[in-house]
Structures are given as C-alpha cells and as structure tokens.
Amino acid sequence: MPHPINPALQPNTLKISILGAAGGIGQSLSLLLKTQLHFPLKTNSTQRDKNHIHLALYDVNEDAINGVVADLSHIDTPVSISNHSPATGIKDCLMNSSLVIIPAGMPRKPGMNREDLFNINAKIMSNLTDDIAKYCDLSKVFVLIISNPVNSLVPVMVNRLWHKHQDVSKNTHIERRIMGVTKLDIVRAKTFLHEVTIDADITPRSNDMPDVPVIGGHSGETIMPLFSQSRSYKSLDKDQLAYLIHRVQYGGDEVVKAKNGLGSATLSMAHAGFKVVNKFVSLLLGNVSEIHGICYVSLLDSEGHPTAMGMEKLLPLIDNCAFFSIPMTITKKGVTSVDYDIVDRMDDHERNEMLPLCLPKLKKSVETGSKFAIEN
Ligand code: NAI
C-alpha cells in the first residue's frame with residue numbers, strides 16, 4: 001500500500017515533522033520516535049489534549065526518504081508516519097505540525113569545525129524558515145534546530161522570521177519557541193564524568209548518572225560544562241576537571257575523526273534529541289503543563305526586550321549575548337523563565353576563565369547568523 005502523503009489528521013493528533021529525516025540523525029531519531037513514543041497508550045487518553053502521534057518525514061533525497069519511510073512503516077507501533085520530498089512538496093509535511101525538528105544539512109568532515117558548515121547550512125535553514133513561515137502556525141509551533149552551527153543557525157531562523165516574515169511572525173512570540181538542541185553536550189558531560197568518577201571509585205557504581213548543566217553555545221569553547229554544579233565536583237582534582245571540560249568541548253571531534261570522512265555524531269545525537277523531543281511531546285500532549293531543560297534560545301524579542309522571566313538578570317551577566325543556552329522552564333507558550341542564578345553559582349575557573357572565552361566567540365557566531373538573515 002502506498003504511504004499516505006497527506007493523511008487526514010484527526011484533531012487529537014500530535015503531528016511532528018522531521019526535516020532531513022533520511023540523514024544519519026534523521027533516520028535514527030525517526031526510529032526512536034516511531035518505537036519509543038508510547039504516551040497515548042499508557043494512561044487514560046480522555047484527559048489529554050491529543051492522544052495520537054504522527055511523524056511526517058521530509059528529505060530532499062527522495063530515494064532515501066522513500067526507503068526510510070517504507071522501512072519504518074512496517075514497525076508495529078501506533079505512531080503513524082507519512083513520506084514527503086520535493087516531489088510531493090513540503091507543505092503537506094509542515095501543515096498542522098506542532099513540533100518541527102531540523103537535522104537537515106551537511107555534517108562535519110575531519111579537520112572542519114562547526115562554523116565551516118555555515119555557508120551551506122545557513123542557506124538550507126533560510127529556505128526551511130520560509131517554508132515554516134508559510135505553512136506553520138507561528139503562534140503555536142515549536143522548532144528544534146539540530147543542524148550545525150547551532151550557534152548561528154538559531155539566529156538565522158529567528159532573525160529571518162522577524163525581518164523577512166514580519167507579516168506572519170508579528171505578535172506570535174515565535175522566538176520563545178525556536179530552540180537549538182545542545183543536549184548532546186549534556187549527555188557527553190554526564191557520560192565522561194561518570195567514567196572518571198567510576199575509574200577513581202569516587203561514587204558508587206550505579207545507574208544514577210546525575211546531569212551536569214552545560215550552558216553557553218554548542219561549539220568548542222562556547223560550550224560551558226559546569227562541573228561545579230555536579231555532586232562529584234569536590235572529589236575531582238584540577239587535572240580531571242581540565243580533562244573533562246576539554247573532552248566535552250571537543251567530544252564531537254572524536255566521532256568525526258573515528259568516522260573518518262563519513263560524518264559526525266548521529267546515534268548519540270539521536271539519543272540526545274529523543275530525550276528532548278520526549279519532553280516536548282509530553283508537554284504538547286497535555287500530560288504536563290511545563291517542562292524543564294537546557295536549550296539555546298533568543299533572550300530578546302524583535303524589539304530588543306527580554307523574552308522571559310530572568311532574562312533581564314541574565315543579560316548583564318553574559319555581556320548582553322542575545323542567544324544563550326541556560327536551564328529554563330518551557331510551557332506551551334514557549335520559554336517562560338530562565339535560571340540565571342546558575343551563572344552566580346559558577347566556580348572561579350568557570351566565571352573568570354571559561355566565560356570570558358565563551359562570550360566573544362558566541363557573540364560573533366550570533367552576529368554572523370543575524371547578519372546573514374538580514375542580508376540574504
Ligand atoms: P546527514 O548528511 O547524514 O543528513 C542530513 C540530511 O539532510 C540528508 O539526508 C540530506 O538529504 C538532508 N537535507 C539537506 N538539505 C535539505 C533540505 N533543504 N531539506 C531537507 N533535507 C535536507 O547529516 P547528519 O549526520 O544527520 O547531520 C545533520 C546535521 O546535524 C549536521 O549539520 C550536523 O553538523 C548536525 N549535528 C548536530 C548536533 C548537535 O548536537 N546539535 C550533533 C551532531 C550533528
């Protein structure tokens with residue numbers, strides 16, 4: 001049976017679009033979403049706003065997406081799925097989507113940093129932004145940007161919507177619902193810390209691996225893992241801390257090098273992305289009224305006002321950097337508050353050595369993305 005292009009979605013359906021779904025991350029993330037999203041089946045669905053999940057998978061590589069969707073559609077879970085490519089158009093993919101996930105774009109090869117991807121991926125992001133402006137309800141939709149460089153591509157989308165799509169973005173507060181996905185840095189920090197503490201026998205061997213908050217951006221020194229906030233901090237010596245910080249900041253390079261030209265992290269990224277999407281699904285299904293996490297977001301609206309509670313306190317602490325990842329609370333309206341206190345809780349090294357290295361680089365990446373959006 002052919003896979004429906006535009007399935008008649010029931011009002012109780014939560015539609016999730018993945019743009020770039022045939023790629024390394026797109027495929028693995030789609031598999032996790034198809035097999036692991038079980039919310040509607042577990043409890044009484046009458047209490048929920050929505051009780052069915054639909055995945056709309058889009059990729060410019062038509063053969064690849066046809067194969068991926070045919071393959072996934074044989075999996076025996078109630079998550080429904082549809083197939084979209086330029087041949088069928090992106091409109092049917094995006095229409096009525098509550099959540100749009102974007103891993104579309106080129107990954108790194110050995111010797112490249114994330115900024116080297118900017119020219120190609122910024123164009124892709126601009127085109128997809130235009131499609132989102134055209135076909136999504138900007139007053140409701142959430143967008144999760146995985147494509148690199150996250151530090152610049154989130155500003156590309158936000159600024160393009162403000163400046164080129166003012167007619168549809170005005171008064172929608174869309175910037176509160178566009179998130180750069182930096183969760184892989186948190187997953188890495190947790191994993192690497194666990195390895196060190198297990199080796200040193202500092203903490204008991206257990207499955208309980210506490211999160212290490214990672215703030216700032218998602219590239220090299222803009223990545224700020226705050227080991228000072230972890231339970232094992234006091235047991236770590238200076239060398240261990242330096243090793244851990246460097247490994248989190250440059251962990252992506254280990255995978256790029258190991259893949260030797262075949263791309264960057266896909267499986268660990270899909271795992272990290274699934275953790276994030278899972279929370280958003282819970283929020284959008286109406287299971288919870290708010291979620292908590294760390295994403296890379298705009299701190300200002302199109303008129304230069306702070307977008308959520310705590311941002312006015314955060315901005316002077318980070319030299320008015322307009323985009324930043326920080327622990328936050330998110331409701332269906334988007335980011336509602338940020339935990340700016342975390343900057344006060346940093347240790348001397350994080351505050352005096354890491355933050356001054358992060359901020360100028362991050363501000364430059366934000367400027368690159370914002371400028372591109374306005375000039376192209
Ligand atoms: P990939 O090359 O395997 O997949 C990218 C997919 O995007 C391809 O299937 C391609 O056909 C598709 N694509 C290209 N242009 C498109 C467009 N205009 N519309 C729809 N689809 C389009 O790459 P991979 O490994 O999946 O990585 C994707 C992106 O994610 C890269 O930019 C990579 O740097 C980034 N990434 C981000 C991470 C993060 O922590 N945020 C971690 C790892 C990778």
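## Ligand site and cysteines

I146 places a backbone N or O atom 3.0 Å from a nitrogen atom of the ligand. This is a predicted model.

| Residue | Protein atom | Ligand atom | Distance |
|---|---|---|---|
| I146 | backbone N or O | nitrogen | 3.0 Å |
| V181 | backbone N or O | nitrogen | 3.1 Å |
| G105 | polar backbone atom | oxygen | 3.3 Å |

On its own, the ligand has 860 Å² of accessible area, and the protein covers 86% of that. The ligand sits in the largest pocket. Around the ligand are 29 residues. The closest are G24, I25, D59, M106 and I146.

The most comes from α5, which gives three residues.

Now the cysteines. How many disulfides does the model have? The count is zero. A disulfide needs two cysteine sulfur atoms within 2.5 Å. For C136, the closest cysteine sulfur is in C93, 8.5 Å away, so the gap is too far for a bond. C321 is in no disulfide either. The nearest cysteine sulfur to that of C321 belongs to C358, 6.9 Å away.

Are C136 and C321 buried or exposed? C136 has 9% relative accessibility, so C136 counts as buried. C321 has 0% relative accessibility and therefore counts as buried. The cut-off for buried is under 20%.

How values were computed: Residues numbered from 1 in each chain as written. Predicted model: local features only at pLDDT ≥ 70, side-chain atom pairs only at ≥ 80, totals over all residues. Heavy atoms only, no water. Buried < 20%, exposed > 50% of the residue type's maximum accessible area, 1.4 Å probe, protein only. Near = heavy atom within 4 Å. Polar contact = N/O pair within 3.5 Å; in protein donor to acceptor, adjacent residues only side chain to side chain. Areas by Shrake-Rupley, 256 points an atom, 1.4 Å probe, with all protein chains shown as cover. 1 Å grid on protein atoms, 1.4 Å probe; cavity = no way out; pocket = protein on both sides within 12 Å on 5 of 7 lines; lining within 4 Å. Sits in = over half its atoms within 2 Å of the grid points. Helix = DSSP H or I, 4+ residues; strand = E, 2+ residues; numbered from the N terminus.
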